[in-house]
Amino acid sequence: MKEVRCERCDNIIGMGCACPPDGSVPKAHPEGRRVRQEWRRFPGNAILIKQNGKAHVPGACDHMTEDEVRSPKWGWILDPSPGDWDRISEGNPAIATGGNTQLQATSRCMTCMGTLGG
């Protein structure tokens, strides 16, 4: 059986995805605010961009590891400007400056948002 990732939170459906089936935005994770894990290759304020257009922050979600973040499936912004994470949207995509520089993030990982507090 193929693992299918949720388009909203990027977690595997049935294994971590807590999004309501009606398409509404999920409430805070029941386990509360998560603790960020330290990564070696990426600074904590970097924006990681997955092929599906989802933005992540190093160590802020537990459904991916640092070893997975490699070009061409990933792009990144190592030193984003203040507020870049909060502005990511369809109308204001974050464009990768490293890794696969063809990638653009148009949405943010819900787990990362919960860990970062917004």
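Are Phe 42 and Trp 76 buried or exposed? Both Phe 42 and Trp 76 are buried, where buried stands for under 20% relative accessible area, exposed for over 50%, and partly exposed for values in between (1.4 Å probe, protein chains only).

1. Basis of the note. This is a predicted model, in which local features need pLDDT of at least 70 and side-chain atom pairs count only at pLDDT 80 or more, while totals for chains, interfaces and linings use all residues. Residues are numbered from 1 along each chain as its sequence is written, and side-chain values use heavy atoms, with hydrogens and water left out.

2. Overall make-up. The protein chain contains two helices and seven strands, these being DSSP runs numbered from the N terminus (helices: H or I, at least four residues; strands: E, at least two). Read from the N terminus, the order of elements is β-β-β-α-β-β-β-β-α. Of the 118 residues in the protein chain, 42% are buried. The chain exposes about 7100 Å², and carbon and sulfur atoms supply 52% of this area; accessible areas come from the Shrake-Rupley method with a 1.4 Å probe, and for residues only the protein chains shown count as cover. Among contacts (heavy atoms within 4.5 Å) with a separation of 6 or more, 57% involve residues 24 or more positions apart.

3. The sheet. An open sheet of five strands has the order β5-β3-β1-β2-β7, with mixed pairing; two strands pair if DSSP finds at least two bridges between them. At the edges are β5 (98-99) and β7 (107-108), each of which pairs on one side only. Strands β1 and β3 run antiparallel and are joined by four bridges, while two bridges join β1 to β2, also in an antiparallel arrangement.

4. Ile 47 has Ile 77 in β3 as its bridge partner. Leu 48 stands opposite Trp 76 in β3 and opposite His 56 in β2. Both faces of β1 are covered, as Ile 47 and Ile 49 on one side are buried, and so are Leu 48 and Lys 50 on the other. The hairpin of β1 and β2 has three residues between the strands, and Gly 53 takes a positive phi near 85 degrees there.

5. The nonpolar core. In soluble globular proteins, nonpolar side chains tend to be buried together. The largest nonpolar core here has 25 residues, of which Leu 48, Ile 49, Val 69 and Trp 85 touch the most other members; such a core is a set of buried Ala, Val, Leu, Ile, Met, Phe, Trp, Tyr and Cys residues joined through side-chain atoms within 4.5 Å. The elements giving two or more residues to this core are β1, β3 and α2 (110-116). Leaving out residues up to four places away in sequence, Val 69 touches Trp 39, Arg 41, Phe 42, Leu 48, Met 64, Trp 74 and Trp 76.

6. Aromatic pairs. Two aromatic pairs are found in the whole structure. One of them, formed by Phe 42 and Trp 76, is edge-to-face, at 5.1 Å centre to centre and 70 degrees between the planes. Phe 42 lies in the segment before β1 (47-50) and Trp 76 in strand β3, so the pair ties together parts that are 34 residues apart in sequence. Together with Trp 39, these residues form one aromatic cluster. Rings of Phe, Tyr and Trp (its six-membered ring) pair if their centres lie within 6.5 Å; planes under 30 degrees apart count as stacked, over 60 as edge-to-face and the rest as tilted.

7. Glu 66 and Arg 40. Glu 66 is placed in the loop between β2 (54-56) and β3 (74-77) and counts as buried because its relative accessibility is 5%. Arg 40, in the segment before β1, counts as exposed at 67% relative accessibility. Apart from residues up to four places away in sequence, Glu 66 touches Trp 39, Arg 40, Arg 41 and Phe 42.

8. Cysteines. Cys 61 is buried, with a relative accessible area of 6%, and Cys 109 is buried at 0% relative accessibility.
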